[in-house]
Structure formats: structure tokens, C-alpha cells
Amino acid sequence: MEVGHLPVLAEEVVTMLAPAPGSLQIDATIGGGGHTERILEATNPDGRLLGLDADGAAIARVQERLARFGDRLGLRQANFRELGLVAPEAGFGAVDGLLFDLGLSSYQLADAERGFSFRTGGPLDMRFDKTRGIPAAELLATLDVKELAALFKRYGEEPFAHRIARAIVEARAKAPVVSAHELATLAERVVPAPARRRIHPATRVFQALRIAVNEELDALAEGLASGLELLRPGGRLVVLSYRSLEDRIVKQFIAKERRGCICPPELPVCVCGRKPRLRLVTHPSLTPSAEEIAANPRARSARLRAAERMAA
């Protein structure tokens with residue numbers, strides 16, 4: 001049975017992007033294609049959209065589902081850190097809107113062969129692009145206790161990082177930890193019961209591994225910087241984040257580009273001459289309504305930030 005995918009804050013995303021007929025838009029993370037579809041509908045009859053995703057399965061799925069838009073939709077399998085190269089080559093060197101949706105799609109979470117979710121099991125791969133990088137199982141097999149604990153703390157903010165890391169290393173002395181089910185079981189066993197009440201004890205560990213495998217935080221910083229260079233004056237940057245680590249990067253990026261000047265604070269006057277390039281559209285961010293969270297629990301942690309490119 002096909003898994004459904006509900007785009008988060010769909011109406012708010014379209015409102016913030018303000019797509020118009022004839023405009024050029026980029027969806028840097030097409031996922032299930034829900035936002036892509038709404039943006040293309042809002043830009044009828046001649047607006048065009050470039051959709052990127054590191055996951056080849058997402059590209060194939062959206063290509064089939066949104067075939068009715070014809071050449072108004074261009075798709076590229078690429079990580080959004082490659083925006084600066086991919087977009088101009090596709091004819092999107094100057095655009096009116098750019099969307100980053102940093103959440104996993106329901107299709108990815110339900111794919112038992114990818115290991116993204118502890119609920120579906122499967123091999124611990126976690127790569128968006130299976131032709132690049134190393135799978136999560138390899139990290140678990142090669143990093144020592146200290147390195148694993150540091151990874152879980154940095155990318156998962158896991159309070160029991162050392163306990164879980166030690167359990168993994170002890171377990172792999174007998175047999176490699178290669179499946180999502182094995183890893184989830186290890187985390188359940190060593191995380192104290194009171195800490196399990198709000199979220200599954202493996203949640204932060206899976207998040208940390210996925211971020212590390214795909215270099216997500218570095219890619220986000222690079223993608224935002226490249227994306228800003230593509231925006232025309234008046235163009236909109238819209239970002240949906242779901243975790244504090246990502247949201248912090250987005251918030252700091254927008255704040256820096258709103259501020260402009262990067263001179264040391266001890267200087268009495270600006271000498272760098274750097275002007276603000278963004279103005280905030282959301283004040284400061286939007287979150288899903290209780291009704292949307294009830295219909296789509298995955299939306300509960302979403303935060304939408306939007307900014308507009310200022311004239312030079």
C-alpha cells in the first residue's frame with residue numbers, strides 16, 4: 001500500500017513564497033512533492049520550478065506524480081549544497097523563490113531498506129544518496145566509545161550518549177550492529193525508564209547518525225549561502241526546520257544577512273561596507289496549528305522562517 005505524504009505548513013509556505021505566474025522557483029528538497037505541486041499550481045500557467053533531492057527515489061516518484069506539469073518542472077538528483085552549480089546549469093541562475101524543507105518524507109521513513117526509522121527496521125544505511133558516503137552501520141562498526149558518544153551529543157543532543165555508545169561497542173564485540181531494530185533495542189535497554197516517556201530512546205541516536213552520514217549541517221550552511229546568491233531582489237527564502245540544530249543555523253544565517261556589517265564590535269564605525277541582504281518576513285517564525293498537528297503528527301516540531309532579498 002502506498003504511503004501518504006502530507007506537506008507541512010503547505011498554505012503558509014505558499015503564502016510566504018508568494019509565487020506568481022511566470023516566476024522561477026526552486027524547491028531544494030522535493031521529498032514527497034507536496035510543496036512542489038502547490039507552488040506549480042500557484043504559478044500557472046507559465047511559472048517554472050527546479051526541484052532538487054539527493055534521494056534518487058524521491059526524484060523518480062515526483063517525476064511520475066507531477067508529470068502533468070510537463071517542462072514547467074525540472075528535476076535534478078543533487079544535494080542542495082550543490083545549488084550554486086546545479087541551478088545556473090538548469091537555467092535558474094536568478095530566481096524569485098527558494099524553499100528548503102529539512103524534514104524526512106513519509107516515504108523515506110517507511111522504507112525498510114534504508115534504516116531511517118527505528119519503527120520500520122531494516123539495514124542501517126541512512127544515506128539520502130546511496131552512491132555517496134558511508135552507511136550508518138559502518139560508523140557504528142568503526143568509531144570508538146568516545147567518538148560515538150561525541151557524535152550522539154553533537155548531532156542528537158543525547159543526554160545518555162556515553163551509555164548508548166558503550167552498549168554499541170560491547171554488542172559489536174560479539175556481532176556487528178547492522179539493523180535499525182538492533183540499534184533501537186540497544187538504546188531501549190540502556191536509557192533509564194523515566195527518560196523514555198516523551199520520545200523513543202533511540203530517536204536522538206537515529207537523528208545523529210543520519211545527520212553525520214549525510215553531513216546535513218554543513219550542507220545546510222552551504223546551501224543557504226548558495227541559495228541567497230541565486231535570489232533576485234524581492235525574492236523569498238523560506239525554510240522549514242524540525243530540529244533545534246538546523247533551526248539555529250537558519251536563524252543565525254538570516255540574522256547575519258539582516259545585520260549586514262561584520263566589523264568587530266570595538267570599531268566605532270563600519271569599515272567593511274557590507275549591506276543587509278535580507279529582511280524578515282515572518283516575525284520571527286511560524287508553527288503548525290493544533291489542527292494540523294492532529295492531522296499530521298510529524299508537523300509538531302516544524303518551524304517556518306521566511307526572508308526577502310533586499311535590493312543591492
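**Close-up views of a predicted model**

**View A. Proline 201 in the loop between helix 9 and helix 10.** Proline 201 counts as buried because its relative accessibility is 7%, where buried denotes under 20% relative accessible area (1.4 Å probe, protein chains only). Residues are numbered from 1 along each chain, and side-chain values use heavy atoms, without hydrogens and water.

**View B. The contact of helix 9 with helix 10.** The axes of helix 9 (residues 180–190) and helix 10 (residues 203–214) come within 9 Å and cross at roughly 130°; helices are DSSP runs (H or I, at least four residues) and strands are E runs of at least two. Axes are lines fitted to C-alpha atoms over the stretch in contact, with angles from 0 to 180 degrees between N-to-C directions. Ala180, Leu183 and Ala184 of helix 9 meet Val205, Phe206 and Leu209 of helix 10 (heavy atoms within 4.5 Å).

**View C. The aromatic pair of phenylalanine 80 and phenylalanine 100.** The pair is edge-to-face, at 5.2 Å centre to centre and 75° between the planes (pairing requires centres within 6.5 Å; edge-to-face, planes over 60 degrees apart). Both phenylalanine 80 and phenylalanine 100 are buried.

Methods: This is a predicted model: local features need pLDDT of at least 70, side-chain atom pairs count only at pLDDT 80 or more; totals for chains, interfaces and linings use all residues. Rings of Phe, Tyr and Trp (its six-membered ring) pair if their centres lie within 6.5 Å; planes under 30 degrees apart count as stacked, over 60 as edge-to-face and the rest as tilted. Buried means under 20% relative accessible area, exposed over 50%, partly exposed in between (1.4 Å probe, protein chains only).
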